[in-house]
Amino acid sequence: MITVVVIAVLVIVLVTLRYTGRGRARGSGGRGLKRRFGPEYERAVALQNGDVRAAQRELGERVRRYGSLQEQPLSPEAREQYVASWDAVQEQFVDSPQKAVTEADALLTRLARDRGFPDGEQFEEQLAALSVHHAYFVQGYRGMHAAARDQSGTEEMREAMVEARSLFEALVAERQVDAARRRLPSPDGQGHAPWPLTTRRHAKGGST
């Protein structure tokens, strides 16, 4: 009889520990996803109408699919070419905002592809993969992609390019941005001031 009681107690203890462990794992997973995805986590929850578990399942699936993706390095020549192309697009914005945004969007698509992310022909797939590795920067890319296809105002397009530049800088960097520093530039993030379109316009058109 005593043996039966002891066995029953052990079974109860093991079951309790098992479910406690599961609960902790789920909580840790949720906290881990929130820490990893930052603003993308909040966006996913909002898109799921506040359903946190559904959002976590969706983000967890992104990690499962793209977490092991290895970013490919850029050659020094390719890096210099991308930087020069981005600078040229920014200059072009003064005279042709819509064309500049469209070309910047295509430039980011190619850069992400060259770094080993899915081809940009499937934008949502590429964005999902990018969000796993550069979650704090993808909203700018999303906004610029939309601006390149919508009839946005000049100011909206300017803001989209400014925000998208943080992802460009992260992808063109020699080393991956430290996860602890995955924040939008404030005020710059790479040691220079934000892109001042008004200053460029004055420089190009002379003093005002």
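How are α3 and α6 oriented to each other, roughly parallel or roughly perpendicular? In this predicted model, the two helices pack at an angle of about 90°, and their axes lie 9 Å apart. Angles of 65 to 115 degrees count as roughly perpendicular, and α3 and α6 are therefore roughly perpendicular to each other. On the α3 side, the contact is formed by Arg62, Val63, Arg65 and Tyr66; α6 contributes Glu125, Ala128, Ala129, Ser131, Val132 and His133. By residue class, this contact comprises five nonpolar, two polar and three charged residues.

The protein chain contains nine helices and zero strands, giving the pattern α-α-α-α-α-α-α-α-α along the sequence. Of its 208 residues, 36% are buried. Among contacts with a separation of 6 or more, 68% are between residues 24 or more positions apart.

The largest nonpolar core consists of 45 residues, and Leu108, Met144 and Met161 have the most contacts inside it. Two or more residues of this core are supplied by each of α1 (2–37), α2 (39–47), α3 (52–66), α4 (76–93), α5 (97–114), α6 (123–133), α7 (138–147) and α8 (154–172). The largest share, nine residues, comes from α8. Leaving aside residues up to four places away in sequence, Leu108 touches Trp86, Tyr141, Met144, Ala164, Leu167, Phe168 and Leu171. In soluble globular proteins, nonpolar side chains tend to be buried together.

Terms used. Residues are numbered from 1 along each chain as its sequence is written. This is a predicted model: local features need pLDDT of at least 70, side-chain atom pairs count only at pLDDT 80 or more; totals for chains, interfaces and linings use all residues. Side-chain values use heavy atoms; hydrogens and water are left out. A nonpolar core is a set of buried Ala, Val, Leu, Ile, Met, Phe, Trp, Tyr and Cys residues joined through side-chain atoms within 4.5 Å. Buried means under 20% relative accessible area, exposed over 50%, partly exposed in between (1.4 Å probe, protein chains only). Helices (H or I, at least four residues) and strands (E, at least two) are DSSP runs, numbered from the N terminus. Contact means heavy atoms within 4.5 Å. Axes are lines fitted to C-alpha atoms, for helices over the stretch in contact, and angles run from 0 to 180 degrees between N-to-C directions. Angles under 35 degrees count as roughly parallel, over 145 as roughly antiparallel, 65 to 115 as roughly perpendicular and the rest as oblique. Ala, Val, Leu, Ile, Met, Phe, Trp, Tyr, Cys and Pro count as nonpolar, Asp, Glu, Lys and Arg as charged, and the others, Gly among them, as polar.
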